[in-house]
Amino acid sequence: MSVNRLAELHNNTNHGVPQQQQNGYEMHPLLSTQGDISSVQGFLDQISHIKESITQINHNVDRIKSYQTSMLQTADASDLARNRQAVDDLSTETQNLMTQVKQRLKEIEPTSRHTDLAMRKNTFSAVTKQFMDAIEHHRRVAIDFQKAESQQLERQIKIANPNATPQEIEQAIAQAEQGRGAVFAQQLMQSVGGEYRRQQAQNTLDAVQERHEDIRRLAKSVQELSVLFEEMQSMLESQAKVLDQIETSAIETNNQLEAGTQYIEKAKKSALSTRRNKFICLGIFLVIIIIIIIVLAVKFAPSHNNNSQSQ
């Protein structure tokens with residue numbers, strides 16, 4: 001049986017960091033908050049928690065794959081049941097972790113209010129892509145096992161009912177992949193003639209129904225993972241658009257500032273030129289006044305001298 005680490009995370013949130021039992025490394029609770037996420041340290045703390053959760057998701061998926069391989073290789077009903085239960089437990093835990101990671105990424109998504117926007121943008125994009133890689137890894141494992149389960153189901157139907165046509169078998173598998181019940185597969189089993197053959201088919205029917213249910217769950221899981229992947233892709237694209245707009249706005253503001261600076265420089269030069277012209281005009285005016293004074297002085301000076309001599 002798998003250890004329910006998700007329950008451990010919730011139970012130990014207020015009692016320190018739980019110890020991961022089977023891996024030998026520590027798993028921090030994702031929902032714990034170390035510092036304000038608006039601060040650089042708080043943001044980096046959350047990134048660290050998210051990365052640990054992604055590591056745990058990948059580890060869970062590898063374990064799921066291992067149990068699924070055992071399911072394909074064993075014919076013992078009890079071993080098959082144990083492996084199937086382990087896969088179900090790990091799948092549920094992994095799905096919950098993925099939901100929490102998605103929520104945490106939305107909470108720390110960079111916005112224009114952050115002064116350290118460039119750092120947050122790069123870090124957020126990197127960890128989101130890591131999460132998307134983990135989702136795709138999980139989805140690929142589910143698809144591969146679904147194909148293997150479909151092949152197993154086909155073999156079991158052929159064993160129980162050698163008269164089943166390829167079209168009938170394909171229809172039974174398609175119904176499983178579409179999430180529909182195992183009614184058609186049961187009809188194939190029950191259509192077998194002869195009491196001995198029917199009894200033998202009945203012994204196989206339980207296994208067929210279990211395979212059918214496995215395929216149905218896998219189809220649902222693949223669909224959910226595909227939707228989650230698309231959500232994260234949309235988040236990245238939306239984030240890129242917002243940040244591009246911010247950068248464009250910053251560039252426009254910078255261009256406007258440069259244009260304003262150039263305008264001010266031109267205004268300064270114009271003011272200096274105007275001031276200089278004023279001084280030149282003032283100088284010319286003063287020179288003209290001086291010339292006028294000199295001319296008047298020269299003109300009236302002889303007249304004054306002659307009057308003095310007459311007396």
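**Entry 1**

How far does helix α5 reach from its first C-alpha to its last? I looked this up in a predicted model, where local features need pLDDT of at least 70, side-chain atom pairs count only at pLDDT 80 or more, and totals for chains, interfaces and linings use all residues. I number residues from 1 along each chain as its sequence is written, and side-chain values use heavy atoms, with hydrogens and water left out.

Helix α5 covers residues 166-177, which is 12 residues, and reaches 16 Å. That is close to the 16 Å expected at 1.5 Å a residue; the expected span is 1.5 Å times one less than the number of residues. My helices are DSSP runs of H or I with at least four residues, strands are E runs of at least two, and both are numbered from the N terminus.

Next I asked which residues of α5 are buried. I call a residue buried under 20% relative accessible area, exposed over 50%, and partly exposed in between (1.4 Å probe, protein chains only). The buried ones are Ile169, Ala172, Ile173, Gln175 and Ala176. They sit on the same side of α5 because they cover an arc of only 155 degrees around the axis, taken from the directions from the helix axis to the C-beta atoms. Pro166, Gln167 and Glu170 are exposed, on the face turned away from that buried side.

**Entry 2: the whole protein**

I found 7 helices and 0 strands. Buried residues make up 34% of the 311 residues. I also looked at contacts (heavy atoms within 4.5 Å). Of those between residues at least 6 apart in sequence, 71% join residues at least 24 apart.

**Entry 3: the cores**

A nonpolar core here is a set of buried Ala, Val, Leu, Ile, Met, Phe, Trp, Tyr and Cys residues joined through side-chain atoms within 4.5 Å. The largest one has 23 residues, and Ile57, Leu105, Phe131 and Met232 have the most contacts inside it. Helices α2 (40-73), α3, α4 (117-160) and α7 each supply at least two residues of this core. Which helix gives the most to this core? It is α4, with 7 residues.

I then picked Met232 and listed what it touches: Lys102, Leu105, Thr128, Phe131, Met132 and Ile135, leaving out residues up to four places away in sequence. Apart from this core lies another, of 12 residues, including Ile64, Met71, Leu80 and Val87.

**Entry 4: salt bridges**

How many salt bridges are there? I counted 7, with the rule that a side-chain nitrogen of Lys or Arg lies within 4 Å of a carboxyl oxygen of Asp or Glu. I followed three of them.

Glu231 and Lys102 form one, at 3.0 Å from N to O. Glu231 is partly exposed at 34%, while Lys102 counts as buried at 19%.

Asp79 and Arg82 form another, at 2.1 Å from N to O. Both lie in helix α3 (residues 77-107), 3 residues apart, about one turn of the helix. A note to myself: an α-helix has 3.6 residues a turn, so residues three or four places apart point the same way. Asp79 is partly exposed at 28%, and Arg82 is partly exposed at 49%.

Arg120 and Asp116 meet at 2.8 Å. Are these two buried or exposed? Arg120 is buried at 1%, and Asp116 is buried at 17%.
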